[in-house]
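Please take a look at the sequence and the structure shown below. The paragraphs that follow lead through it part by part.

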Amino acid sequence: MSASVPRLVVAAPSSGSGKTTVATGLMAAFAARGLAVSPHKVGPDYIDPGYHALATGRVGRNLDAYLCGPELVGPLFLHGARGCDLAVVEGVMGLYDGAAGEGELASTAQVAKLLRAPVVLVVDASSQSRSVAALVHGFASWDPEVRIGGVILNKVGSDRHEELLREALDSAGVPVLGVLRRVGQVETPSRHLGLVPVAERQGAAVEAVAAMAAQVLAGCDLVALEALARAAGAVPGGTAPWTPASPAHHPTRPDEEPTPRSGPAPWDGQRAPVVAVAGGSAFTFSYAEHTELLTAAGAEVVTFDPLRDEELPEGTRGLVIGGGFPEVYATELSANEPLRKAVADLANGGAPVAAECAGLLYLCRELDGLPMCGVLDASARMSERLTLGYRDAVAVGDSVLAAAGTRMRGHEFHRTVVEPGSGAEPAWGVRTPRPRVEGFVQRGVHASYLHTHWASEPGVARRFVERCRTS
């Protein structure tokens, strides 16, 4: 594919300005014009990409310079944008906000620079008029390498308010590419970890995306926005698309040198091992690249729903349970006793099991007093405290995912507590924000609060599938 795919980054001065509404609306509006639109999200967010997928009909993908490294942002972008006419990248937090204490790392600004993509700044104009010019001027001039290509004014109250804002911005030298009025129907419900995922809202989510598209169509200059996207030029550095069949390799230990990697090993005529991946409304957090890596490593990936399916997929040799909201569905998960027993039997038999966050809770003895799978001798409960942030981690010992000493970066995002927080063999030694051990490794189980992105260390998927093959 061409490395010059047209692209826009949708950013804002701060969270809550309307990035998701504008980005999702733009994706849907461009798709409605017959364009194949590639949706992307800066950072570790799992929920917004679900709305992006509804808007475009394509898998929403994340671009996270902390989890994957800056060098993979361009390749992962081109992998997702393959065959598309245009890409829209939704930013995270404020334009220049990144990983705490790490400068611009993992910020929307850094991703925009890595992609050499123009930025459309979404400004919540609800409580200002002339001051908007100073705000926009500051964001446009802060980093000369970040190109602010235009502004979309959100939550504009009236024609007079719009007139005052446009008059002020005439002096800032940044064109106004859209004006959106306050429209309640575009709001999407939130709860303890952000927006309610698409999988839980179904028809309501479709209606919300349609409303976002209608507002963008009515208030934005799509011709000018498309022209801005097409002026982006080539992605820097002669970047080639990432591929799960032969992904870039990163050293996992200080003394390990990069080595050439090929596709999956031949399977000697045997059926590929079935890897069951939890899905449905309770387990909605996953990166598309994980499934792609498992498949490229030789697995047959089959999705199942722990809320409804009473059996694991036929022939299951390994299990991946990602993030989500088991605390919201604890009663239903607990009531599905046949599946809980099937999961316990599989894990206790030594089969490879990779569980992150929600998956960790599901494997516990209980969640908020309700029986779960009982694979781990630990209990989980809801907490008022939000645990949030990037983590540097190292594998404490060997597991189905990683050899001892493997270094990975992860992200925590939960309002639950697991007691104890680690087993006799912890999963990770976490170095930030304070040194500690975390998670559980027992038999073939690797369970942890950390969300990781396997594209950063593709050996994880290969190791897991090989263990499925031999266990």
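Helix 12, residues 337-348, has 12 residues and reaches 16 Å from its first C-alpha to its last. That is close to the 16 Å expected at 1.5 Å a residue, where the expected span is 1.5 Å times one less than the number of residues. Helices (H or I, at least four residues) and strands (E, at least two) are DSSP runs, numbered from the N terminus. The buried residues of helix 12 are L339, R340, V343, A344, L346 and A347. Seen down the axis of helix 12, these buried residues fall within an arc of 165 degrees, so they line one face of the helix; the arc is that of the directions from the helix axis to the C-beta atoms. Buried means under 20% relative accessible area, exposed over 50%, and partly exposed in between (1.4 Å probe, protein chains only). On the face of helix 12 turned away from its buried side are the exposed residues E337 and K341. Just after helix 12, G350 takes a positive phi of about 95 degrees.

This is a predicted model, in which local features need pLDDT of at least 70 and side-chain atom pairs count only at pLDDT 80 or more, while totals for chains, interfaces and linings use all residues. Residues are numbered from 1 along each chain as its sequence is written, and side-chain values use heavy atoms, with hydrogens and water left out.

For the chain as a whole, the secondary structure comes to 14 helices and 22 strands. Of the 471 residues in the chain, 58% are buried. The accessible surface of the chain comes to about 18300 Å², and 50% of it belongs to carbon and sulfur atoms; accessible areas come from the Shrake-Rupley method with a 1.4 Å probe, and for residues only the protein chains shown count as cover. Contact means heavy atoms within 4.5 Å. Among contacts in the chain between residues at least 6 apart in sequence, 76% join residues at least 24 apart.

Strand 1, residues 7-11, is mostly covered, with five of its five residues buried. In a regular strand the side chains alternate between the two faces of the sheet. Both faces of strand 1 are covered: R7, V9 and A11 are buried on one side, and L8 and V10 on the other. Two strands pair if DSSP finds at least two bridges between them. Strand 1 pairs in the parallel sense with strand 4 (residues 86-90) over four bridges, and V10 stands opposite E90 there. Strand 1 also pairs in the parallel sense with strand 5 (residues 119-124), over three bridges, and in strand 5 the bridge partner of V10 is V120.

V42 and E90 are 48 residues apart in sequence and 6.1 Å apart in space, C-alpha to C-alpha. At 1% relative accessibility, V42 counts as buried. Leaving aside neighbours within four places in sequence, V42 is in contact with residues including L63, E90 and V111.

E289, in helix 10 (residues 288-296), is buried as well, at 1% relative accessibility. Beyond its neighbours within four places in sequence, E289 is in contact with R61, L76, W242 and H453.

How many disulfides does a search of the whole structure find? It finds zero disulfides, a disulfide being a pair of cysteine sulfur atoms within 2.5 Å. C364 is in no disulfide, and the nearest cysteine sulfur, that of C373, is 9.6 Å away, too far for a bond. C364 is buried, with a relative accessible area of 0%, and C373 is buried with 8%.
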